[in-house]
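I opened this notebook to record, residue by residue, what I looked up in the model. The entries follow the order in which I went through them.

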Amino acid sequence: MTAPLVFAHRGSSYDLPEHTLAAYLRALDEGADGLECDVRLTRDGHLVCVHDRRLDRTSNGRGLVSARTLAELEALDFGSWHPAAAVAKGAAPLDESHTRLLTLERLLDAVRSAGRPVRMLIETKHPSRHRGDVERRLVALLRRHGLTEPGPDDPVQVTVMSFSPLAVRRIRELAPALPTVLLLEVLPRWLRLGRLPFGSRIAGPGVELVRARPQLVPALRAAGNSVYVWTVNEPEDLELVLAAGVDGVITDRPARTLARLGR
Ligand code: G3P
Ligand code: CA
């Protein structure tokens with residue numbers, strides 16, 4: 001059994017504010033194989049790296065991300081809410097890489113400058129609300145970066161993820177060569193015999209689902225799928241998914257995960 005890939009969930013987001021450039025650069029320094037990133041649309045159509053629908057939890061702004069322009073979001077502080085900011089207060093202040101909004105374009109530029117292979121797991125949020133706009137803009141951006149038809153030796157390999165089968169179908173139609181992950185929080189009735197819809201070959205169950213359904217990972221893998229599990233932060237969860245033989249571990253703590261794997 002080969003060791004699973006380690007993906008940094010929202011960057012090294014246990015240690016640094018999620019979805020900031022600093023959190024992603026830390027994950028690359030720590031040796032993560034890949035980076036997980038949620039993307040949403042601003043009011044003026046830019047893809048930004050933010051998990052929540054609202055700004056309230058991870059910034060000093062209020063209201064919906066989708067109601068703001070990129071310029072308005074760039075004026076906000078996306079880092080001071082995190083415990084890392086309190087630690088830094090007595091020492092050096094957080095710099096902009098820890099506190100500013102990150103666009104997907106900027107993250108892709110950083111990944112391409114890493115000088116080593118990096119896998120990107122990009123999750124589209126709320127596809128139904130935007131009627132496919134998120135997926136269209138994402139594929140257009142990836143195409144501009146030459147990332148929609150990856151060759152085996154290309155250093156940056158992008159995979160698109162969603163909880164929505166509809167979003168996965170849109171990506172498959174817009175960019176058939178892009179791998180997709182169907183994320184699973186619960187076990188849908190239609191997931192018979194481990195077959196995923198719309199040509200997805202990677203399943204993304206949550207760790208709670210893996211714990212509740214011990215046969216799920218073997219069934220998905222026996223049907224020819226890879227399995228990436230989220231969000232594996234606790235040591236007992238890591239042991240569970242390693243024993244299950246998963247292909248990818250998505251974690252807020254890539255350094256600790258890599259250490260367990262002897263890497
Ligand atoms: O990696 C998949 C995982 O990120 C899905 O859940 O809520 O963290 O986006 P969430
Ligand atoms: Ca996510």
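I began with Phe198, which I note as partly exposed because 15 other C-beta atoms lie within 10 Å; the class applies between the cut-offs for buried (20 or more other C-beta atoms within 10 Å of a residue's own) and exposed (12 or fewer), with C-beta atoms placed from the backbone. Phe198 has a positive phi of about 60° although it is not a glycine, and I find it in the loop between strand S6 (180–184) and strand S7 (202–205). Helices (H or I, at least four residues) and strands (E, at least two) are DSSP runs, numbered from the N terminus.

Before going on I wrote down that this is a predicted model, in which local features need pLDDT of at least 70 and side-chain atom pairs count only at pLDDT 80 or more, while totals for chains, interfaces and linings use all residues. Residues are numbered from 1 along each chain as its sequence is written, and chains are lettered from A and ligands numbered from 1 in the order in which they are written.

I then looked up Arg10, another non-glycine residue with a positive phi, here near 65°. Arg10 sits in the loop between strand S1 (5–9) and H1, and I count it as buried because 26 other C-beta atoms lie within 10 Å.

Next I turned to Leu209 in helix H8 (residues 207–212), which is partly exposed, since it has 18 C-beta neighbours inside 10 Å. Setting aside residues up to four places away in sequence, Leu209 touches Leu184, Glu185, Val186, Leu187 and Leu216, a contact being two C-beta atoms, placed from the backbone, within 7 Å.

For the helix pair I noted that the axes of H6 (residues 133–144) and H7 (residues 165–174) come within 10 Å and cross at roughly 35°; axes are lines fitted to C-alpha atoms, for helices over the stretch in contact, and angles run from 0 to 180 degrees between N-to-C directions. Glu135, Arg136 and Val139 of H6 meet Ala167, Arg170, Ile171 and Leu174 of H7.

Last, I listed the residues around ligand 1, which are His9, Glu36, Asp38, His51, Glu123, Leu183, Gly204, Trp230, Thr231 and Ile250, each with its C-beta atom, placed from the backbone, within 6 Å of the ligand.
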